[in-house]
Amino acid sequence: MSKNTSSSLFSNFTLDTSTRTDCSSFTPQQKHTPSEKSYHPIIIREQVQVSSSPPHEESSPPQLHSFQFLITHTQGFEQIVKSEIQAVFHEGVEKDWWYHGFEPSVNLFDYPTTAMARLLKTKNSKLQKGKLKTLTCVHGKIHSEEGFEMTMDVNFAELFHMPEFLFSHNELLIFNLVGKSEYSREQFMEHISQFVLHLNALPSVDCVYSFISLVPNIPLDKESAFSKFKNEIPYRTQDEMAWKQSFELFQKLYTKKFPTQEVLFSENTKFRVTAIRKQSHQVRHSYSSVEIASEYGYGIGQHICKNMRVNLKKFDIDILIYLDTDRAVTALLLSPPFHYLHEYGLRHFSDDTRSSDGGGESDSVENCTNHSQSASLQNFPELDLIYYYTKQDFRLSYGKSTLKPQTSYLLWKTLLMQDASLCEKAFSSKHPSICNVLDPFAGSGTLSLSANYFFFNKSPKIQLFNLDCSSDETNVMNHNCKHHTNIHILLSDSQSIPFKSQSIDVVLSDMPFGVLCGSHSRNAKIYPKVVKQLERIIKPDGILFLLTIEKTLLEAQLAARNFWEIIDRKSVSLGELGRAMQATIYICKKKSK
């Protein structure tokens, strides 16, 4: 597309064609231009039509409308993320194949740690457990609802075909969703907006994006790359439909703030570009992420977000460009930006119903809650439904180093999928004994809080013991866990754990490693003593679940003792998008004598 046509790109959101990625129906020559033949054969948008009439009969076949999503997640847990997306279409699929027949205390569709969960609790809802709960209307404000309307008859399996997973790499997952032929395009987009609510609430998902493009052959040298970022990628004609669909969906999700497209594409709307850059040791870029954001952002501002203003901190629109060596993924953020959650008092989750945003009175710990905002919550506007389905951070304060809530959830789920006996102890009414869980390096208490909110619902059958040798960290934990009677916090050195022999069922911990906590030389002294202590306190049928980047050090200690059998190991990533570091999960049990 030439630049002189850009002024009319968003003049009309009415789309009379539909899109779908279907890799199987195209030859390689059809899938890509010559410069793209070597790249992954996806992201081809074509109009797809299905006809039940014989070919010789003239008819107007129905269209299959489709939408492509990109979600970010903790790398290494792709299968869990995919299964939870599929669970939105097949209620109970999650329980059937990994809970081993035991009913969890909390279900995906209880929407833990969202405003939706608090709303259901305050309204004493008797809605069926484990079913989709789709709000259709909310009256009043998010912390003082006067009433709400809810429907239980939304069945996404009747509205869409099953998701087609197209691409999974690092922290990114791209999938295609195709609507059933009997629904109009307007109905399809309404269904898509409802689906985004549930997708955004999944505890395994970091953020939800509308996928725009995957562009191969990004140059490594600065001059050529800058030209591509500024003058080519924003102007790709094959992406016009994706941009139109994305902004139409964005407007549906945030219709209270952007009631019309004129309001959305005005100078009052703020946008920014977020650039993530990954490179290998063999292939290096001659430019930075900041430079990518500047060049691509200029092109976006000239062609896509015309009339909008740039604001890097308080933005409405966030456009992602993720450069992985020589290929770039672009997408538009659909999840609410972090700064709005903070502004609207939705940054932190607490089940203390006396406090809308967690409260917190301690001056001895860093309190992330903005009390001045909490005092003026009645002043913020009535919010769109997506805010009710947005995950909040269940930690009110943070220590020196801490896991993301999504990562801690995935660690717990991986453990439960691995160990059927733990599921029985945790969920079966036929198993009366208490299950003792120890985290010897608890930090902010993230793992224990995740266990309560996402799986055990503060069940007294699960007793969670958090140890840390730092009084600063235990102060943070006391602040975070003050409403959790089954979480016990001890100021203690993990090299001398104050528990009786064979008293712990599970040890689950994010081990210290030399980035923010300690150093390799210090860990070389700590790990042998900790492993020896774990041998003493673990029950004969107990299990270790340890996360570390000190792979060589931990494996050496486990092997040296000749006590543990490593039954599984898994590579994962820790940290925020684009800044993650590689770590390894070790699942161990005592060797049989």
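# Getting to know the fold

User: Where is Asn170?

Analyst: Asn170 is placed in the loop between β4 (164-169) and β5 (172-178). Helices (H or I, at least four residues) and strands (E, at least two) are DSSP runs, numbered from the N terminus.

User: Is Asn170 buried or exposed?

Analyst: Asn170 counts as buried because its relative accessibility is 14%. Buried means under 20% relative accessible area, exposed over 50%, and partly exposed in between (1.4 Å probe, protein chains only).

User: What about the phi of Asn170?

Analyst: The phi of Asn170 is near 55 degrees, a positive value in a residue other than glycine. Most residues other than glycine have a negative phi.

User: Hold on, what kind of model am I looking at?

Analyst: This is a predicted model: local features need pLDDT of at least 70, side-chain atom pairs count only at pLDDT 80 or more, and totals for chains, interfaces and linings use all residues. Residues are numbered from 1 along each chain as its sequence is written, and side-chain values use heavy atoms, with hydrogens and water left out.

User: Thanks! How many helices and strands are there in the protein?

Analyst: The protein has 18 helices and 17 strands. Its residues number 593, and 57% of them count as buried.

User: How much of the contact total comes from residues 24 or more positions apart?

Analyst: Taking contacts in the protein with a separation of 6 or more, 76% are between residues 24 or more positions apart. Contact here means heavy atoms within 4.5 Å.

User: How many residues of α2 are buried?

Analyst: In helix α2 (residues 78-87), 7 of the 10 residues are buried, so α2 is largely enclosed by the rest of the structure. The buried ones are Ile80, Val81, Lys82, Ser83, Glu84, Ile85 and Ala87.

User: OK, new topic. Where is Leu422?

Analyst: Leu422 belongs to helix α14 (residues 420-427). With a relative accessibility of 2%, Leu422 counts as buried.

User: Which residues is Leu422 in contact with?

Analyst: Setting aside neighbours within four places in sequence, Leu422 is in contact with Leu415, Leu416, Cys435 and Val506. Leu422 and Asp505 are 83 residues apart along the chain, and their C-alpha atoms are separated by 8.4 Å.

User: What comes between α14 and β11?

Analyst: There's a loop between α14 and β11 (435-439), and His431 is found in that loop. His431 counts as buried, at 19% relative accessibility. Not counting residues up to four places away in sequence, His431 touches Glu424, Lys425 and Lys461. The C-alpha atoms of His431 and Lys461 are separated by 9.4 Å, with the two residues 30 apart along the chain.

User: Now Ala201, which helix holds that one?

Analyst: Ala201 is in helix α6 (residues 185-201), and it counts as buried at 2% relative accessibility. Residues up to four places away in sequence aside, Ala201 touches Tyr111, Tyr389 and Lys391.

User: And which strand has Ser573?

Analyst: Ser573 is found in strand β16 (residues 564-574). It counts as buried, at 3% relative accessibility. Leaving out neighbours within four places in sequence, Ser573 has contacts that include Thr74, Gln75 and Met581.

User: Last one: what lines the largest pocket?

Analyst: The lining has 48 residues, and Cys207, Phe338, Lys404, Glu576 and Leu577 lie nearest the centre of the pocket. The elements giving two or more residues to that lining are β6 (207-215), β7 (270-278), β9 (317-324), α11 (338-343) and α13 (405-418). The largest share, 4 residues, comes from β7. On a 1 Å grid over the protein atoms alone, a pocket is an open set of points where a 1.4 Å probe fits, with protein on both sides within 12 Å along at least five of seven lines; lining residues have an atom within 4 Å of a point.
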